[in-house]
2 protein chains.
Amino acid sequence: MVPLYILGLLKRYGPQHGYRIKKTIADMLSDFTHIKLPTIYYHLSKMAADGLLSAISEKPGARPEKTVYSLTDKGAAACRRLLSELLAAEYRPAFDNDAIFYFAEHFRPAELAAYLQSYAGKLGPMLDIINAHREETLRHVPDDAKPMVHILFRHHELHFQAELAWARDALRMLQK
Amino acid sequence: MVPLYILGLLKRYGPQHGYRIKKTIADMLSDFTHIKLPTIYYHLSKMAADGLLSAISEKPGARPEKTVYSLTDKGAAACRRLLSELLAAEYRPAFDNDAIFYFAEHFRPAELAAYLQSYAGKLGPMLDIINAHREETLRHVPDDAKPMVHILFRHHELHFQAELAWARDALRMLQK
DNA sequence: AATATTATACTCAGTCCTGACTATTTGTCA
DNA sequence: TGACAAATAGTCAGGACTGAGTATAATATT
């Protein structure tokens, strides 16, 4: 995913350096991906070495050099290829907290119930945050992009709701 | 997650070597985690070096050595600690296919619709497979473990349903 | 009885990821 | 104007993950 996000952002917003890409991701995509700054620099170097990006070092008036990366034709092709590969990908989730129940013998039933209770209690507020982010994003996006914003946030909303429904279901199953 | 699964399985089923742990995970946990064999060996070595496991090389009649790992007291403590850390973890999903819609400018609307249609078409059969696995698992598990099996599979069922609901919603949003 | 296939058991090199760190520049508030 | 915080720009060492490979044993097939 990291290379795709980098290539896509360079395509959309033009030549940039690593820190600006990180900032875009942190500002606009924090709900959708959790890429860290050194990961971005890693892939920028790698893709430059592979010829997907061209790197130009700038030395503006003040000293520290920055490296500005821009998309090559090969990079644009790689972006298209990565996107089309996604179309064939399957949904195959894995949830860390499943281990709690797979190893349920390590807990007393009351501990499991307390966990689910507190977990469910956190999910409601998280849903509110998601929806606040959606409103915020809609305010900063051109009209023709709004349907996509809705689709993206709806995706997360539905899975947060599923997680909440699960916590409540599980609580009921434990008490039965 | 990998160390926790290894420690938990060693605790429950006693001393084992890497291949058997992998087999248990592949046979019983394939819906819940996707750990590969070299990853298991990596963590076995590491945890042995850290004193969480003790390793004993066996040379049974036939030649090839196997290394049997068993839990030390320190390993049992680590298992408890990892499990209790999970109780505090938050739900923070990321979906690869979100990139399709974040970079929707690369697709024609009809391509996006075709993707969602085919994606939704795959999710139904996957749900059936999940539920078949649940039945199969219930048949091989003692009565007192059955509620946990239901909780685990319900978790995945709900998220597959959420994914399906999203695909259909998104299709509607595109057509509007 | 010879051969093929599958299961068992493990290793290695290469890739990816990130916490912790360095260093400069630009506010900003007293 | 001096000093402290925040933003900008990046590096590095170390840990985690896995595709591809090695090698033997057991089982099936012909």
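# Salt bridges, interface and core

Reader: How many residues apart are A:Glu136 and A:Arg139 in helix α6 of chain A?
Author: Three. That puts about one helical turn between A:Glu136 and A:Arg139 in α6 (residues 109-139) of chain A. Keep in mind that this is a predicted model.

Reader: What do the side chains of A:Glu136 and A:Arg139 meet in?
Author: A salt bridge, with N to O at 2.9 Å for A:Glu136 and A:Arg139.

Reader: Is A:Arg139 buried or exposed?
Author: Exposed, because A:Arg139 has 59% relative accessibility and the cut-off for exposed is over 50%. A:Glu136 counts as partly exposed, at 37%.

Reader: How many salt bridges does the structure hold over all chains?
Author: The total over all chains is 22.

Reader: And how many between chain B and chain A?
Author: Four salt bridges run between chain B and chain A. One joins A:Arg12 to B:Glu105, with the closest N and O atoms 2.7 Å apart.

Reader: Which elements give two or more residues to the side of chain B that touches chain A?
Author: Five helices of chain B: α1 (2-13), α4 (73-86), α5 (98-102), α6 (109-139) and α7 (146-175). The largest share is from α7(B), with 18 residues.

Reader: What is that side of chain B made of, by class?
Author: On the side of chain B that touches chain A there are 41 nonpolar, nine polar and twelve charged residues.

Reader: How many residues does the contact take from each chain?
Author: Chain B gives 62 residues and chain A gives 62 residues.

Reader: What area do chain B and chain A bury between them?
Author: About 6,200 Å², with 69% of it on carbon and sulfur atoms. The rule also finds 19 residue pairs in polar contact across this interface, both partners at pLDDT 80 or more.

Reader: Back to charges. Which side chain does B:Arg154 meet in a salt bridge at 2.5 Å?
Author: A:Asp169, with the 2.5 Å taken N to O. The pair crosses between chains, from helix α7 of chain B to helix α7 (residues 146-175) of chain A.

Reader: Why does A:Asp169 count as buried?
Author: Because its relative accessible area is 13%, and buried means under 20%.

Reader: Which residue does B:Arg154 meet in a salt bridge at 3.1 Å?
Author: B:Glu157, with the 3.1 Å again taken N to O. B:Arg154 and B:Glu157 are three residues apart in helix α7 of chain B, about one turn of the helix. B:Glu157 is buried too, with a relative accessible area of 13%.

Reader: Which residues are linked in a network of salt bridges?
Author: A:Arg134, A:Arg154, A:Glu157, B:Asp169 and B:Arg172 form one such network.

Reader: What about B:Arg134? Where is it?
Author: B:Arg134 sits in helix α6 of chain B. B:Arg134 counts as buried, at 9% relative accessibility.

Reader: What does B:Arg134 touch, not counting residues up to four places away in sequence?
Author: B:Val149, B:His150, B:Phe153, B:Arg154 and B:Glu157. Its side chain also makes a polar contact with the side chain of B:Asn131, at 2.6 Å.

Reader: How many Å separate the C-alpha atoms of B:Arg134 and B:Glu85?
Author: 27 Å, and B:Arg134 and B:Glu85 are 49 residues apart along the chain.

Reader: New topic, the core. Which residues touch the most other members of the largest nonpolar core?
Author: A:Phe101, A:Trp166, B:Phe101 and B:Trp166, in a core of 114 residues.

Reader: Leaving aside neighbours within four places in sequence, what is B:Phe101 in contact with?
Author: From chain A, B:Phe101 has A:Met148, A:Ile151 and A:Leu152. From chain B, the contacts of B:Phe101 are B:Leu112, B:Tyr115, B:Leu116 and B:Trp166.

Reader: And B:His155, where is it found?
Author: B:His155 is in helix α7 of chain B. B:His155 is buried, with a relative accessible area of 0%. Beyond four places in sequence, its contacts are A:Phe95, A:Asn97, A:Asp98, A:Glu163 and A:Trp166.

Reader: Last one. Which strand is B:Ser70 found in?
Author: Strand β2 (residues 66-71) of chain B. B:Ser70 counts as buried at 17% relative accessibility. Not counting residues up to four places away, B:Ser70 touches B:Pro15, B:Leu52, B:Leu53 and B:Ser54.

Technical notes:
Residues numbered from 1 in each chain as written. Chains lettered and ligands numbered in written order. Predicted model: local features only at pLDDT ≥ 70, side-chain atom pairs only at ≥ 80, totals over all residues. Heavy atoms only, no water. Core = buried A, V, L, I, M, F, W, Y, C linked by side-chain atoms within 4.5 Å. Buried < 20%, exposed > 50% of the residue type's maximum accessible area, 1.4 Å probe, protein only. Contact = heavy atoms within 4.5 Å. Helix = DSSP H or I, 4+ residues; strand = E, 2+ residues; numbered from the N terminus. Buried area = accessible area lost by both parts, 1.4 Å probe. Polar contact = N/O pair within 3.5 Å; in protein donor to acceptor, adjacent residues only side chain to side chain. Nonpolar A, V, L, I, M, F, W, Y, C, P; charged D, E, K, R; others polar.
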